[in-house]
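Colleague: Hi! Could you walk me through this one? I have a few quick questions.

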Amino acid sequence: MNPTLQIFHNEEERMRNIQEAWEAILQILKSDPTVSPAAYDLWIKEIQPIAIEGEALVLSVPSVFQRDIIEQQFAGPQVSAVQAAIGIPLKLLIRAEDEEAAREEEDKQDKQLRRDLTTYYKMINPFYTFKTFVVGPTNDFAYLAAQSVADKPANAYNPLFIWGGSGLGKTHLLHAICNEIHQNNPKSKILYTTCESFTNDFLAALHDMTLPDFRQKYRDVDILLIDDIQFLANKVQTQEEFFNTFEAIKLAGGQVVLTSDRRPNEIATLTDRLMSRFEAGMLADIQPPPIETRILIVQSKAAQLNFHIDKNVCDYIARELKTNVRQIEGVINKLHAEYRLNGSVPTERSAELAISNVRNDNQPVEVTVDRIIAEVARTMNVQPEDIRNKGGNSQISKARKVSAYIIREITRMKTKEIGNEFGGLDHSTISYATTSVENKMKSDTAFKAMVEDILNNLKTDR
Ligand code: ADP
Ligand code: MG
């Protein structure tokens, strides 16, 4: 009999060969004076031969414990005895069934996680890289911090917290970190998400009782990047979960990067321990770029499109659009589209038109204030006009305070501008109103729940 014979004509024959090889080995072990009959009964009888792989006879035992004992006690001298008896080098490979099951489960989970991560990776814009980011005096700190995190995750700043106004490159830097890490180390488990997705995922997991899956997904990563973390405002339970997520990742040696449109202490009701974690990491702000940087941005965006814009037009665009790079990009895209459509070369005049278009497109404030007031009015059962005008009964005045608070929460309007929405209330009245809402939310849970509902409604159908 030759156990290495591998030309089996069918499965049955193959199994018979394995079985025969194993029985020959059992005979040898049985007659081996160093193997007591008790040990033979206890350890060897349970072994099942399952396959021949190359030069190895693969055996299976029910548990890791049994496998370890067998390997320690028998595998050495007896294997040489077996080899001597059958005259060929034969290895024994012992597998433990419980370990196999655990490994299969792990593999399955790992595959699922990788699938999830690939889906998330598709959310990453490949053009948002460090190379395409124009660095100037108002964003260089955030840029360098982001780069150092990408070079050596979890080395120094944890979390890295990038904050600044809309359209100033926060998301760009977050994607740049992902792109860079992915390029240097494609096996890294990168998870990029928005605070809203994180929140929705968490609430769904709570509802469906799938928290372990949720935790596996968010914690078993090398780097977790969450965009627009300011949406944690007023979500105490999600804050709690995020706090634990952060601690778990940090403990496992991973990195967390966050962006926000405001600094941590301006995120409403942020728990103290989260605040202290944010402050203990690296806070890097981005401010609107100065004119020189804006000119470079205009030129770089045009160059990326292979699109020539005269210097005076570039300068004009950079002079006009001071606070939002997304608008600059919008204008260039618009001029480029016109050029491709009818060959019209950009001029100051066409730039002016494009700029006013982009500004009008980017006027969510009016709409948002209307929607906020409508939503508050609906929930609190008053008329929107009453909220907007001065005076009225106590319910109206309460609704006005809630509106002011929510406007401040979700728009970037200044207190003075907010006052103008209510027939010209002065900024101290607005500050007083928002503070009184904050305080009431602390003491009155029903009131707090109502305000959060309004906030959620506004956010979900945006
Ligand atoms: P935020 O997330 O801060 O609102 P984004 O990262 O989405 O802003 O940036 C808006 C647009 O402006 C993006 O297309 C981004 O590429 C571009 N942008 C912002 N800052 C810069 C910069 N410094 N250099 C190049 N592009 C920039
Ligand atoms: Mg963004």
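Colleague: Which residues of strand 4 point one way, and which the other way?

Modeller: Leu-160, Ile-162 and Gly-164 point one way, while Phe-161 and Trp-163 point the other way. Residues on both sides are buried. Keep in mind that this is a predicted model.

Colleague: And what does that say about strand 4 within the rest of the structure?

Modeller: Strand 4 covers residues 160–164, and five of the five are buried, so the strand is largely enclosed by the rest of the structure.

Colleague: Does strand 4 pair with strand 7 in the parallel or the antiparallel sense, and over how many bridges?

Modeller: In the parallel sense, over four bridges, with strand 7 being residues 255–260. As an example, Trp-163 stands opposite Ser-260 there.

Colleague: How many bridges join strand 4 and strand 8?

Modeller: Five, and again the sense is parallel; strand 8 spans residues 282–286. Leu-160 has Met-282 as its bridge partner in that strand.

Colleague: Changing topic: how many residues are in the largest nonpolar core?

Modeller: The count is 57 residues. Those with the most contacts inside this core include Ile-229, Phe-242, Val-402 and Val-451. Helix 18, residues 394–410, gives the most to the core, with seven residues.

Colleague: Where does this core lie relative to domain 2 and domain 4?

Modeller: Between them, because domain 2 (140–286) and domain 4 (369–459) both give residues to the core.

Colleague: Which residues is Val-451 in contact with, leaving aside neighbours within four places in sequence?

Modeller: Val-402, Tyr-405, Ile-406 and Met-441. There is also a second, separate core of 48 residues, and among them are Ala-142, Ile-181, Ile-223 and Ala-351.

Colleague: I always check cysteines. How many disulfides come up?

Modeller: The count is zero disulfides, taking a pair of cysteine sulfur atoms within 2.5 Å as the cut-off.

Colleague: Are Cys-195 and Cys-314 buried or exposed?

Modeller: Cys-195 is buried, at a relative accessible area of 1%. Cys-314 counts as buried too, at 4% relative accessibility.

Colleague: Last one: what is the mean pLDDT of the chain, and where does pLDDT stay under 50?

Modeller: The mean for the protein chain is 85, and 87% of its residues reach 70 or more. pLDDT stays under 50 over residues 1–8, where the model has 16 contacts beyond four places in sequence. Residues 363–367 also stay under 50, with two such contacts.

Colleague: What should I do with low-pLDDT coordinates?

Modeller: Where pLDDT is low, the predicted coordinates should not be read in detail.

Terms used
Residues are numbered from 1 along each chain as its sequence is written. Chains are lettered from A and ligands numbered from 1 in the order in which they are written. This is a predicted model: local features need pLDDT of at least 70, side-chain atom pairs count only at pLDDT 80 or more; totals for chains, interfaces and linings use all residues. Side-chain values use heavy atoms; hydrogens and water are left out. Buried means under 20% relative accessible area, exposed over 50%, partly exposed in between (1.4 Å probe, protein chains only). A nonpolar core is a set of buried Ala, Val, Leu, Ile, Met, Phe, Trp, Tyr and Cys residues joined through side-chain atoms within 4.5 Å. Helices (H or I, at least four residues) and strands (E, at least two) are DSSP runs, numbered from the N terminus. Domain bounds come from an automatic or database domain assignment. Contact means heavy atoms within 4.5 Å. pLDDT is the predictor's confidence in each residue, from 0 to 100. Two strands pair if DSSP finds at least two bridges between them.
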